[in-house]
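I hope they are handy while you look through the structure.

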Amino acid sequence: MTTVIGIVSSKGGTGKSSICNLFAITLANKPIDKRVLVIDATENKSLSYLNVYKEQSFYKIVQNSIDNVPKILAAESDNYDLIFVDFPNNSSLIGYNTASLCCNHFIIPTGVGIMDQIATKESLSELSEIKKLRKAAGFNTSIKVLPSRVNNKEAVQDLYVLLNKQNIEHFEFPLSTDEDLAYLIEQNQPIMDYVTEGIDWTSGQVVFHNVFIEFHKQLESE
């Protein structure tokens with residue numbers, strides 16, 4: 001059965017597209033070797049443009065509006081193990097809630113800034129309603145926050161304190177705290193370059209290993 005994962009945030013610049021790309025490449029690559037589709041439903045389509053430019057071939061990507069996501073899922077779900085939906089920031093768009101109802105899992109990237117925290121709470125509130133509707137229809141849904149755009153251990157710990165105080169479920173590791181590659185965290189382009197230009201992925205897994213393995217185990221336990 002296909003698993004559909006929505007990457008969601010009501011704020012731009014949280015790293016949604018970067019995270020979507022990193023998850024897709026990791027899970028489509030060895031040793032996991034999942035069949036992965038990414039639906040780029042964002043308004044600026046930056047992930048689609050990047051993949052065309054880089055000729056990325058680890059996973060398939062389709063570009064469309066959020067209101068067409070259910071139609072794409074209906075047509076493609078039998079062909080893929082995992083489908084990621086890169087959601088637009090604007091949850092008031094027509095079709096946003098319908099597309100959300102199609103997702104088994106949600107990841108909300110967040111940083112330590114006040115605007116990041118506000119956006120995270122907004123997204124959690126909206127998705128909690130989606131979770132209720134899916135539960136009423138007999139479907140389980142997981143919602144998990146992913147600390148990202150954090151460049152030192154102190155900032156990570158501060159963010160965990162905030163999330164724990166609010167009883168917000170989150171990944172136990174940030175996107176990256178590796179000192180040698182910390183500069184990538186604040187720059188989406190270099191992150192994507194890193195995973196799309198043929199650099200040995202074993203090195204990449206050193207940086208992103210904890211987040212991806214935790215997520216993969218969660219998928220396998222469903």
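1. Lysine 60 is partly exposed because its relative accessibility is 36%; here buried means under 20% relative accessible area, exposed over 50%, and partly exposed in between (1.4 Å probe, protein chains only). Its side chain meets that of glutamate 76 in a salt bridge (3.4 Å, N to O), a term that stands for a side-chain nitrogen of Lys or Arg within 4 Å of a carboxyl oxygen of Asp or Glu. The pair links distant parts of the chain, 16 residues apart: lysine 60 sits in strand β3 (residues 60-63) and glutamate 76 in helix α3. Glutamate 76, at 18% relative accessibility, counts as buried.

2. A word on the basis of these notes: this is a predicted model, in which local features need pLDDT of at least 70, side-chain atom pairs count only at pLDDT 80 or more, and totals for chains, interfaces and linings use all residues. Residues are numbered from 1 along each chain as its sequence is written, and side-chain values use heavy atoms, with hydrogens and water left out.

3. For the overall layout, the protein chain has eight helices and six strands. Helices (H or I, at least four residues) and strands (E, at least two) are DSSP runs, numbered from the N terminus. Along the sequence they follow the pattern β-α-β-α-β-α-β-α-β-α-β-α-α-α. Of the 222 residues, 53% count as buried. Of the contacts (heavy atoms within 4.5 Å) with a separation of 6 or more, 74% are between residues 24 or more positions apart.

4. How many salt bridges does the structure hold? There are five, and one of them joins arginine 35 to aspartate 81, with the closest N and O atoms 3.1 Å apart. This pair, too, links distant parts of the chain: arginine 35 is in the loop between α1 and β2, while aspartate 81 is in the loop between α3 (69-76) and β4 (82-86), 46 residues apart. Arginine 35 is partly exposed at 42% relative accessibility, and aspartate 81 is partly exposed with a relative accessible area of 25%.

5. Another salt bridge brings together the side chains of lysine 132 and glutamate 129 (3.4 Å, N to O). Because they are three residues apart in helix α5, about one helical turn separates them. Lysine 132 counts as exposed at 54% relative accessibility, whereas glutamate 129 is partly exposed at 43%.

6. With 1% relative accessibility, serine 123 counts as buried. Apart from neighbours within four places in sequence, serine 123 is in contact with Val8, Ser9, Ser10 and Ile108.

7. Aspartate 40, in strand β2 (residues 36-40), deserves a look. What is the nearest side chain of opposite charge to aspartate 40? It is lysine 45, 5.1 Å away, and aspartate 40 is buried yet has no salt bridge; for charge, Lys and Arg count as positive and Asp and Glu as negative, while His and the chain ends are not counted. The aspartate 40 side chain does make a polar contact of 2.6 Å with that of threonine 42. A polar contact is a pair of N or O atoms within 3.5 Å; within protein, one must be able to donate a hydrogen and the other to accept it, and residues adjacent in sequence count only if both atoms are side-chain atoms. Beyond four places in sequence, the contacts of aspartate 40 include Ile61, Val62, Gln63 and Asp86.

8. Helix α1 (residues 16-28) has 13 residues and reaches 18 Å from its first C-alpha to its last, close to the 18 Å expected at 1.5 Å a residue, where the expected span is 1.5 Å times one less than the number of residues. Helix α1 is largely enclosed by the rest of the structure, because 13 of its 13 residues are buried.

9. Finally, the loop between α6 and α7 holds asparagine 167, which has a positive phi of about 55 degrees although it is not a glycine. Asparagine 167 is exposed, with a relative accessible area of 71%. Phenylalanine 171 lies in the loop between α6 (153-165) and α7 (188-196), and at 0% relative accessibility phenylalanine 171 counts as buried.
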